[in-house]
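Please examine the sequence and the structure below before reading on.

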Amino acid sequence: MTSTVFSGMPQYQFSKGITQATSEPLTVKDALPSSNIMNLPTTQTNKDSIELSETKKKKKGPIRRIKEFIANIKKTIATSEEYVKGFARGIGKGSVMAAFLYTGSNMINYVRNHSGKENVKQIPSRALAITGLVISLGASLWNASLNATERNSQIDHRWNGHKNL
């Protein structure tokens with residue numbers, strides 16, 4: 001069943017800014033004359049094409065190659081130093097933190113056990129100490145990574161210059 005509410009209304013055709021009342025139905029081609037600009041048949045397909053070009057790298061002179069070689073060795077040594085220092089610092093600080101956490105939680109557990117209350121929940125001392133050690137080690141290694149990146153950029157700046165070609 002179709003509605004007849006709008007059947008008595010006149011239809012308007014818009015073309016070139018002039019409004020005309022007509023009884024013919026309005027089509028897209030009439031309403032949008034710019035849709036026929038290209039006049040391409042619907043069966044024609046435009047093929048995409050790509051042009052591959054290879055850019056040649058500039059040849060590096062012997063001095064540039066020696067400087068890059070020395071810079072790479074220095075960066076490797078600097079990175080290794082920073083990570084070893086970070087690991088040692090993390091183990092040291094983490095051990096102290098783990099000792100304090102283990103001892104403190106054991107003291108709290110001892111007081112709870114001897115308070116006279118039954119079914120007292122225990123603090124997991126070992127898990128707490130290991131978690132503290134792991135967090136401290138992770139933070140120290142993160143900091144070591146940042147330090148290594150900073151040292152590498154300083155070495156690059158000194159040995160390779162501003163433009164790292």
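Are D156 and K75 buried or exposed? Both of these residues are buried. The model under discussion is a predicted one, and it holds 5 salt bridges.

**How the helices pack**

- Helix α2 covers residues 62–113, and helix α3 covers residues 125–160.
- The axes of α2 and α3 come within 6 Å of each other and cross at roughly 160 degrees.
- Because angles over 145 degrees count as roughly antiparallel, α2 is described as roughly antiparallel to α3.
- The crossing in which α2 passes α3 is right-handed.
- Sorted by class, the residues in the contact of α2 with α3 are 19 nonpolar, 16 polar and 12 charged.

**The pair D156 and K75**

- Side chains of opposite charge can pair when their charged atoms come close.
- D156 and K75 form a salt bridge, with an N to O distance of 3.3 Å.
- D156 belongs to helix α3 and K75 to helix α2, so this pair ties together parts that are 81 residues apart in sequence.

**The pair R151 and E82**

- A salt bridge also joins the side chains of R151 and E82, at 3.0 Å from N to O.
- This pair links distant parts of the chain, since R151 lies in helix α3 and E82 in helix α2, 69 residues apart.
- R151 is partly exposed, its relative accessible area being 27%.
- E82, with a relative accessible area of 7%, is buried.
- R151 and E82 also take part in a network of salt bridges that includes E81 and K85.

**The pair K60 and E68**

- K60 and E68 form a salt bridge in which the closest N and O atoms are 3.2 Å apart.
- K60 has a relative accessible area of 40% and is therefore partly exposed.
- E68 counts as buried because its relative accessibility is 17%, and the limit for a buried residue is under 20%.

- What is the handedness of the crossing in which α2 passes α3? The crossing is right-handed.
- Which residues are linked in a network of salt bridges? They are E81, E82, K85 and R151.
- In which helices do D156 and K75 lie? D156 is in α3, whereas K75 is in α2.

Key
Residues numbered from 1 in each chain as written. Predicted model: local features only at pLDDT ≥ 70, side-chain atom pairs only at ≥ 80, totals over all residues. Heavy atoms only, no water. Axes fitted to C-alpha atoms, helices over the stretch in contact; angles between N-to-C directions. Helix = DSSP H or I, 4+ residues; strand = E, 2+ residues; numbered from the N terminus. Parallel < 35°, antiparallel > 145°, perpendicular 65-115°, else oblique. Left-handed = near helix turned anticlockwise from the far one by under 90°. Nonpolar A, V, L, I, M, F, W, Y, C, P; charged D, E, K, R; others polar. Salt bridge = Lys/Arg side-chain N within 4 Å of Asp/Glu carboxyl O. Buried < 20%, exposed > 50% of the residue type's maximum accessible area, 1.4 Å probe, protein only.
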